[in-house]
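Subject: Structure handover

Hello,

Here is the structure I promised you. Please open it beside this email and follow along.

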Amino acid sequence: MYRSHNCGELNDSHINTEVTLAGWVQKSRDKGFMNWIDLRDRYGITQLIFDEGRSDKSVFELAKTLGREFVIQVKGTVIEREAKNKNIATGEIEILVTQLTILNASLTPPFTIEDETDGGEDIRMKYRYLDIRRNPVKNSLMFRHKVAMEVRKYLSDLDFCEVETPYLIKSTPEGARDFVVPSRMNEGQFYALPQSPQTFKQLLMVGGMDKYFQIVKCFRDEDLRADRQPEFTQIDCEMAFVEQEDILNVFEGLTRHLLKEIKGVEVEKFPRITYEYAMKTYGNDKPDIRFGMEFGELNEVAQHKEFSVFNAAELVVGIAVPGVGNYTRKEIDGLIDWVKRPQVGASGMVYVKCNEDGSYKSSVDKFYDQDDLTEWAKITGAKAGDMIFVLSGPADKTRGQLSALRMELATRLGLRNPAEFAPLWVVDFPLLEFDEESGRYHAMHHPFTSPKPEDMHLLETNPGKVRANAYDMVLNGNEIGGGSIRIHDKATQQLMFKYLGFTEDEAKVQFGFLMDAFQFGAPPHGGLAFGLDRLVAILGGQETIRDFIAFPKNNSGRDVMIDAPSAIDDLQLKELHIKLA
């Protein structure tokens, strides 16, 4: 064996034991007559000692040639360490080396393999295999493994069966662009990589599998950001003979299990709010409820004065920000500039200082008296020492702008504690949303989402008011999972395709296989998919998912380590019947 122990397990109980270790040279400290080397593997660090008076001369001299990241094997005796290090598990001992073998030399790495490295992100992504040796990345990958194992344990204990579904499928419209794969054997035809296993898991329910799950790669060709990758991982689940309540209970249980087992946190409350309430109260459908600053709509008390900006607005809405009533004019102007950035898009902002003596000072004092501003404070929940910020304009746009401001202020004020977890369900989403550009409705989730039974009659008269039998799990302001009760009969599915603008022929070409399956006794079914990458990052106290992925892409969708995507040669293009423009 290359090693009898790993570099993280030896302690004072092993003193006088002969051991064999293998790993990478972390650092070397050569004092001339004595040389100490830190040997590192995945499990930790063990200090090696080479002593001119006690070590074989050839071994002593060979140790002097070792550079950072050399791969070595040593044999020796565990001895008590004179200068103990309480910061590492092996800090009580060291290894007096008797044999040294260089298994592989190393070039000097392009950045230091330390927790606090001198390597920028670009260079670390190029040499990701070196970056993984650093504790922060290594520990993130091990943390991801732990989460995935707990997911499998929880679901398996509930009789879910893990089933793999294909990666080479047909292109179907599910909201994002597909990655397509040309078929050599079928000239002019293409596979698509799945955006999700949606139709396959429904077919598994038709097949009687009853409870399915899969930790599965999904692919979407869309613009990237810190928490999005072109390939990502879902915890994909489906259940037969269930209603919405059954699914919510199972996955509340999974979330509680993960928080308890991974973080040691007990969470009892999973509030349920409607989509409409979320949008009116927080301005988005994935609200962070670790803090307040709920919206207060001010139309009734702010309009019909002489302030034309508010009078012309569809919505006047504000938030009370706790404890910032002493903000200077410079700080307030900085926030006004922040909301006027193109990324937010507000044209301006009104503020009201809630003074400690109970009076108010506003940027619109010319138009509103103290009684008016008292009403604003009541509606927004503002108290002495707070500040009210007010935006106005088109309803949906203004809510989005105020939501962005709410999150920015919470971040600045330290209200988004990563060690605190506040999950909730958002339910009763609209089934359809109207797209102005195409002039037709699109499915808000996907075309297989069932309408609420009590809203079915509205499909003919007012499709925009039909609610979906759908739900999202939100954790700390992030959507970590979503799902729905599915349509399971051909007639309703045909009706849905009709309202989504599919002709009968188009629906048959795209989804004929599913429609056919529904004619052979499809059970009522529904499911949910958690985003594993995002879930792991939140549980790990991070905003971005990249360090929890072994080999991530950059913001341009490139793998700079292997230089992908890349061109293929003419012979391959010819075999695939492809001509480049």
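First, a term you will need: a polar contact is a pair of N or O atoms within 3.5 Å; within protein, one must be able to donate a hydrogen and the other to accept it, and residues adjacent in sequence count only if both atoms are side-chain atoms. Arg81 gives an example: its side chain reaches the backbone oxygen of Ala83 at 3.0 Å.

Now the ground rules. This is a predicted model, where local features need pLDDT of at least 70, side-chain atom pairs count only at pLDDT 80 or more, and totals for chains, interfaces and linings use all residues. Residues are numbered from 1 along each chain as its sequence is written, and side-chain values use heavy atoms, with hydrogens and water left out.

**Arg81**

Stay with this residue. Arg81 is found in the loop between β4 and β5 (93–104). Strands here are DSSP runs of E, at least two residues; helices are runs of H or I, at least four residues; both are numbered from the N terminus. Is Arg81 buried or exposed? Arg81 is buried, with a relative accessible area of 10%. Buried means under 20% relative accessible area, exposed over 50%, and partly exposed in between (1.4 Å probe, protein chains only).

Contact means heavy atoms within 4.5 Å. Leaving aside neighbours within four places in sequence, Arg81 is in contact with several residues, among them Gln47, Ile88 and Thr90. Glu92 is another of its contacts. Arg81 and Glu92 are eleven residues apart in sequence, and their C-alpha atoms are 5.6 Å apart in space.

**The barrel**

Five strands form a closed barrel in the order β1-β2-β3-β5-β4, with mixed pairing. Two strands pair if DSSP finds at least two bridges between them. Strand β1 (residues 18–30) and strand β4 (residues 71–80) run antiparallel and are joined by seven bridges. Look for Trp24, which stands opposite Val71 in β4.

**The open sheet**

Another five strands make an open sheet, ordered β12-β13-β16-β14-β15 with antiparallel pairing. Which strands stand at the edges? They are β12 (296–297) and β15 (360–362); each has a single partner strand, so one side of each is left without a neighbour in the sheet.

Now find β14. Five of its five residues are buried, so β14 is largely enclosed by the rest of the structure. In a regular strand the side chains alternate between the two faces of the sheet. In β14, Val350, Val352 and Cys354 lie on one side, with Tyr351 and Lys353 on the other, and all are buried.

β14 has bridges on both of these strands:
- To β16: four bridges, antiparallel. Val352 has Ile388 as its bridge partner.
- To β15: three bridges, antiparallel. Cys354 has Tyr360 as its bridge partner.

β14 and β15 form a hairpin with five residues between them. In the turn, Gly358 has a positive phi of about 90 degrees.

**The cores**

A nonpolar core is a set of buried Ala, Val, Leu, Ile, Met, Phe, Trp, Tyr and Cys residues joined through side-chain atoms within 4.5 Å. The largest one has 42 residues; Val147, Leu155, Phe251 and Trp425 have the most contacts inside it. Helix α6 (residues 244–263) supplies the largest share, eight residues. A second, separate core has 29 residues, including Phe448 and Phe502.

Back to Val147. Leaving aside neighbours within four places in sequence, Val147 is in contact with Leu258, Ile262, Leu532, Val536 and Leu539.

Best wishes
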